[in-house]
Amino acid sequence: MKPIHILNGPNLNLLGTREPQIYGHQTLADIKAMCEAAAQALDTSIVFEQSNHEGVLVDLIQRAGNEASAIVLNAAAYTHTSVAIHDAIKAVSVPTVEVHLSQPAARDAFREKSFIAPVAAGSISGFGAFSYVLGIEAAARLARSGADANKNKGS
Ligand code: DQA
């Protein structure tokens, strides 16, 4: 099985010190270590990336389209703004699981809209770093079942 690519958007490099009352005290390195352990337990592996730049995230999604079995994506603030990332997910033939540490729907009104959800296989949010573990489990199941990656990409 190809690795699961775990892609992280803007400001997630600051986890640990960034609004810990919302995002917790774990750093992105801590989350990466959790993801590696979760993947190992599922007999798979991960590639873990973070960028603050929208176009770089588009490049990483395109790369995952060739090199990954599935994508776990926390697009962070670009979740709520990015047509480019929406289109990139639609353009690749691997399933994407949307994850968030917090529960965006329970926060500011502008976080209610996700440009990722309509093209993701599913979304997991609100469980802190554990959202990533659940996301990896979902991604591995999707990859192994040969699920139709384009199932939700019709519109
Ligand atoms: C986030 C939620 C987004 O609304 C926010 O912009 C982030 C992090 C999360 O993981 O909870 O940067 O994606």
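The tour goes from the sheet to the cores, then to a helix pair and a few loop residues.

**Ground rules**

This is a predicted model: local features need pLDDT of at least 70, side-chain atom pairs count only at pLDDT 80 or more, and totals for chains, interfaces and linings use all residues. Residues are numbered from 1 along each chain as its sequence is written, and side-chain values use heavy atoms, with hydrogens and water left out.

**Stop 1: the sheet**

Switch to cartoon view. Helices (H or I, at least four residues) and strands (E, at least two) are DSSP runs, numbered from the N terminus. Find the open sheet: 5 strands in the order 2-1-3-4-5, with parallel pairing. Two strands pair if DSSP finds at least two bridges between them. Strand 2 and strand 5 (122-125) are the edges; each has a single partner strand, so one side of each lacks a neighbour in the sheet. From one strand to the next, the twist averages 20°. Axes behind such angles are lines fitted to C-alpha atoms, for helices over the stretch in contact, and angles run from 0 to 180 degrees between N-to-C directions.

**Stop 2: strand 1**

Select residues 4-8, which are strand 1. Of its 5 residues, 5 are buried (under 20% relative accessible area; exposed is over 50%, partly exposed in between; 1.4 Å probe, protein chains only). Show the side chains. Ile 4, Ile 6 and Asn 8 point one way, and His 5 and Leu 7 the other. In a regular strand the side chains alternate between the two faces of the sheet.

Now look to the partners of strand 1. Strand 2 pairs with strand 1 in the parallel sense over 5 bridges. Leu 7 has Glu 49 of strand 2 as its bridge partner. Strand 3 also pairs with strand 1 in the parallel sense, over 5 bridges. Here Ile 6 stands opposite Val 72.

**Stop 3: strand 4**

Select residues 96-100, strand 4. Strand 3 runs parallel to strand 4 and is joined to it by 3 bridges. Ile 71 has Thr 96 as its bridge partner. Leu 73 stands opposite Glu 98. Strand 4 is mostly covered, with 5 of its 5 residues buried. Which residues point which way from strand 4? Thr 96, Glu 98 and His 100 take one direction, Val 97 and Val 99 the other.

**Stop 4: the cores**

Select Ile 4, Ile 6, Ile 31, Cys 35, Ile 46, Tyr 132 and Ile 136. These have the most contacts inside the largest nonpolar core, which has 25 residues. Such a core is a set of buried Ala, Val, Leu, Ile, Met, Phe, Trp, Tyr and Cys residues joined through side-chain atoms within 4.5 Å. Two or more residues come from each of strand 1, helix 2 (28-41), strand 2 (46-50), strand 3 (70-74), strand 4 and helix 5 (130-145).

Centre on Ile 136. Beyond its neighbours within four places in sequence, Ile 136 is in contact (heavy atoms within 4.5 Å) with Ile 4, Ile 6, Cys 35, Ala 38, Ala 39, Leu 42, Ile 46 and Val 72. Another core lies apart from the largest one; it has 19 residues, including Ala 75, Tyr 78, Ala 88 and Val 92.

**Stop 5: helices 3 and 4**

Select residues 54-67 and 83-91. Helix 3 and helix 4 pack at about 5°, with axes 9 Å apart. That makes helix 3 roughly parallel to helix 4 (under 35 degrees; over 145 is roughly antiparallel, 65 to 115 roughly perpendicular, the rest oblique). Glu 54, Leu 57, Val 58 and Ile 61 of helix 3 meet Ala 84, Ile 85, Ala 88 and Ile 89 of helix 4.

**Stop 6: loop residues**

Select Leu 101, in the loop between strand 4 and strand 5. Is it buried or exposed? Leu 101 is buried, with a relative accessible area of 5%. Leu 15 is 86 residues from Leu 101 in sequence and 10 Å away in space, C-alpha to C-alpha.

End on Asp 43, in the loop between helix 2 and strand 2. Asp 43 is exposed, at 69% relative accessible area. Its phi is positive, about 65°, although Asp 43 is not a glycine. Most residues other than glycine have a negative phi.
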